[in-house]
Protein chains: 2
Amino acid sequence: MDRKNLIVGQSGGPTAVINSSLYGIVKGGRDQAEVDRIYGMVNGIEGFLKGQVMDFEVALPGEDLETLKYTPGAYLGSCRHKLPENLDDLAYKQIFASFHDMNIGYFVYIGGNDSMDTVSKLSRYGERIGSDVRILGIPKTIDNDLVKTDHTPGYGSAARYVASTVREIVIDANVYEKKSVTIIEIMGRHAGWLTAASVLARKYSGDNPLLVYLPEKAFDTEKFLMDVEHAFDKNCNVVVCVSEGIRDEKGTFICEYENDVCTDNFGHKMLTGCGKYLENLVRSRLQVKVRSVELNVNQRCSTAMLSAADQKEAMEAGAFGVKAAVQGETGKMVSFIRDSEKDEYVLNYGLEDVNEICNKEKPVPVSWIAESGNDMTDDFIQYAMPLIQGVVSLPLDDNGLPLFAYRK
Amino acid sequence: MDRKNLIVGQSGGPTAVINSSLYGIVKGGRDQAEVDRIYGMVNGIEGFLKGQVMDFEVALPGEDLETLKYTPGAYLGSCRHKLPENLDDLAYKQIFASFHDMNIGYFVYIGGNDSMDTVSKLSRYGERIGSDVRILGIPKTIDNDLVKTDHTPGYGSAARYVASTVREIVIDANVYEKKSVTIIEIMGRHAGWLTAASVLARKYSGDNPLLVYLPEKAFDTEKFLMDVEHAFDKNCNVVVCVSEGIRDEKGTFICEYENDVCTDNFGHKMLTGCGKYLENLVRSRLQVKVRSVELNVNQRCSTAMLSAADQKEAMEAGAFGVKAAVQGETGKMVSFIRDSEKDEYVLNYGLEDVNEICNKEKPVPVSWIAESGNDMTDDFIQYAMPLIQGVVSLPLDDNGLPLFAYRK
């Protein structure tokens, strides 16, 4: 048998489980007789073009690989590098020459829709030159905005983090009797999937967050202020969750309004989020106590709230991709298919043409947003609930803190 | 035996373990033959003055009490209410009349230095009128700034959250090869204990956070910029941790400089933190990629990073306080005494005169701050490390999220 080497890269923003997929790929590769050595691109395709490569047998031999399952960030480093549109560009020749020199038979790339553009271009170039290198994509994004897949690895853990953290902030907000508004700004510039997950925080009917706003529906500040006033009828402490990407009817991001007027000491426009903008709006117009909280980068790198379901699927997606590559598939992305016949949650894996996925975005269906425009329907809750299930207990280091894998 | 009732209240900002202390008090009270019914003040002394009282036997009978151990926020609700300086004020008469009506023999108040002021005043008034109600304080604050105690319940869990979250953000920051600065703003307006805990995040010598600034040393923005430039020699991704309360030589909070120039749409000064200010400073002066992250309210309400040591001590402090009250102590706060004779960490409980604690603050010793002014010494690490140890596994509810206790 002609054994070939496998190379894997990571691209785009990190998630809590991007390294779980990496684990699945390396472990899956080690399990395949057809796969010889397993290499990693350091800093994705951009690093590869500069010759940055590592060998998993040296860096993470045997059991050392296990720590990857719990490590946030991108173990291999990442990049945001768009390959040239023109396939005649020398970059492609260089990449495939390196593949040849390294005896690469399998290239697996973990990323979101921008990264799938790299998978698409490399597979098209490979096809053009008759290369036998199989090019596969493994989905990854906390934004859950990839088409042709039920959901994406990374979303479940980020959604679990959002739901759990919002629940804690709600409890914190209820401590005082005085009327108050807490605005929580959640990641998602174009799609509101993560903000939608905040409704999973509710413990009882009428619990906070009482108001939830997604970019999928035009945001009206006057209606928002009325919504807040009405919400005070239910609870003197109102918690509002907003996507960072909410925009008005004209399509202008709400956060841009703040930047219009707010200039820092150095004469630069200060970049703040829509949460801060709404905080000021509420303080000025409703004269109540108000604060805003930006969940920020922890949404994508918190391991304390890893969803066991998400972690498992991320690993399985990686292993499935390697198996598909060995079986001859190329130019595909691993997809998630939910078995809608079953009552309980059952997930199967499939393959989709990467050309139909890259550079596209999947918004939250408008039918899953309540007619009021400030809540989610039960359909969304049924969709999202299985994705945030299960606790992962983290191994600890000498400091008593979670033990992560570090690249030397 | 003349059995008396016990009443407990919570005051000031919440912590992850303020309800663990509440658990210790109620459980401890149930274990004492001298204690009959156990009541809670709803929204502290302020709520009590309005007659807001609950009965633990009704709200959390038997095993139901257990959930309190894992619940953030303040189960009883909180207040920020300063009792009158003049002990002749009618409020005192009213409070002790209510104590009498409710057959209260023991009053236990969980809080920080402001709340200990309430304990001080009530015990002084009690002494003046010859009351036999025993007045005890249980320490609580993530700020760790109470005098006469080795540390405070709440600090260990907040410090564990800070160390663990900073470690995750450091890993996230290392993903790209491009020079970058990440500024993490950590709670602590007057004392830098929590910011200091960020150094526990380091995994190896030379690991981030490379720079740490506390309010205990005057902050110099020009020196800060030089520190950042030098830090680039060690790592192209520099992570900086700053206390929200850093101030310059004149004593002006750094965050106030931003507010001088930054006005929102409504003509109000926009309140931002020093992290945002330093982000803009670095962008303007060093022309590098920079972001700031405010850890915000999660520092005090995250249960995912509960320190088992902190939780245990918070519970034991509560039970110790009740026992002391039953034994006749009054006007005291439970204190933590570290056994310095022992190599391993051993904690004992004691009592201190509450009058010597209230309204005072304990800063981080300047000798624990490195001479460079941007790091901590090993003495601090040895002090803090035992306080963040141990994982608490949280019971889950039907949503698969942490199960908390809710007051009906």
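**Close-up views of a predicted two-chain model**

View 1. Leaving aside residues up to four places away in sequence, Ser20(B) is in contact with Leu68(B), Lys69(B), Gln311(B), Ala314(B) and Met315(B). The serine belongs to helix α1 of chain B, which spans residues 18–31. Ser20(B) has a relative accessible area of 0%, and because the limit for a buried residue is under 20%, Ser20(B) is classed as buried.

**View 2. The interface of chain B and chain A.** Contacts involve 77 residues of chain B and 78 residues of chain A. About 6200 Å² is buried between the two chains, with carbon and sulfur atoms contributing 56%. On the side of chain B, Glu168(B), Tyr176(B) and Tyr406(B) account for 11% of the area buried against chain A, more than any other three residues.

**View 3. Polar and charged pairs across the interface of chain B and chain A.** Eight salt bridges are found between the two chains. One of them joins Arg300(A) to Asp172(B), with 2.7 Å between the closest N and O atoms.

View 4. The largest share comes from α6(B), with ten residues. Divided by class, the side of chain B that touches chain A holds 36 nonpolar, 24 polar and 17 charged residues.

**View 5. The contact between domain 1 and domain 2 of chain A.** Domain 1 of chain A is assigned to residues 4–154 + 306–360, and domain 2 of chain A to residues 155–299. The contact draws 13 residues from domain 1 of chain A and eleven residues from domain 2 of chain A. The C-alpha centres of the two domains lie 35 Å apart. Together the domains bury about 840 Å², 57% of it on carbon and sulfur atoms. Within domain 1 of chain A, the residues that lose the most area to domain 2 of chain A are Ile142(A), Asp143(A) and Asn144(A), which together make up 54% of what that side buries. Between the two domains there are zero salt bridges and five residue pairs in polar contact, both residues at pLDDT 80 or more. The side of domain 1 of chain A that touches domain 2 of chain A comprises five nonpolar, five polar and three charged residues.

**View 6. Cis peptide bonds in chain A and chain B.** Most peptide bonds are trans. In chain A, the bond from Asn208(A) to Pro209(A) is cis, with omega near 0°. Pro209(A) sits in the loop between α7 (193–196) and β7 (211–213) of chain A. In chain B, the bond from Asn208(B) to Pro209(B) is likewise cis, with omega near 0°. Pro209(B) sits in the loop between α7 (193–196) and β7 (211–213) of chain B.

**View 7. Positive phi at Lys148(B) and Gln287(B).** Lys148(B), although not a glycine, has a positive phi of about 65°. The lysine is in the loop between β5 (134–139) and α6 of chain B, and Lys148(B) is partly exposed at 40% relative accessibility. Gln287(B), also a residue other than glycine, has a positive phi near 50°. Gln287(B) lies in the loop between α10 and β9 of chain B. Because exposed means over 50% relative accessible area, Gln287(B) counts as exposed at 63%.

Technical notes:
Residues are numbered from 1 along each chain as its sequence is written. Chains are lettered from A and ligands numbered from 1 in the order in which they are written. This is a predicted model: local features need pLDDT of at least 70, side-chain atom pairs count only at pLDDT 80 or more; totals for chains, interfaces and linings use all residues. Side-chain values use heavy atoms; hydrogens and water are left out. Domain bounds come from an automatic or database domain assignment. Contact means heavy atoms within 4.5 Å. Buried area is the accessible area (1.4 Å probe) that two parts lose on being put together, summed over both. A salt bridge is a side-chain nitrogen of Lys or Arg within 4 Å of a carboxyl oxygen of Asp or Glu. A polar contact is a pair of N or O atoms within 3.5 Å; within protein, one must be able to donate a hydrogen and the other to accept it, and residues adjacent in sequence count only if both atoms are side-chain atoms. Ala, Val, Leu, Ile, Met, Phe, Trp, Tyr, Cys and Pro count as nonpolar, Asp, Glu, Lys and Arg as charged, and the others, Gly among them, as polar. Helices (H or I, at least four residues) and strands (E, at least two) are DSSP runs, numbered from the N terminus. Buried means under 20% relative accessible area, exposed over 50%, partly exposed in between (1.4 Å probe, protein chains only).
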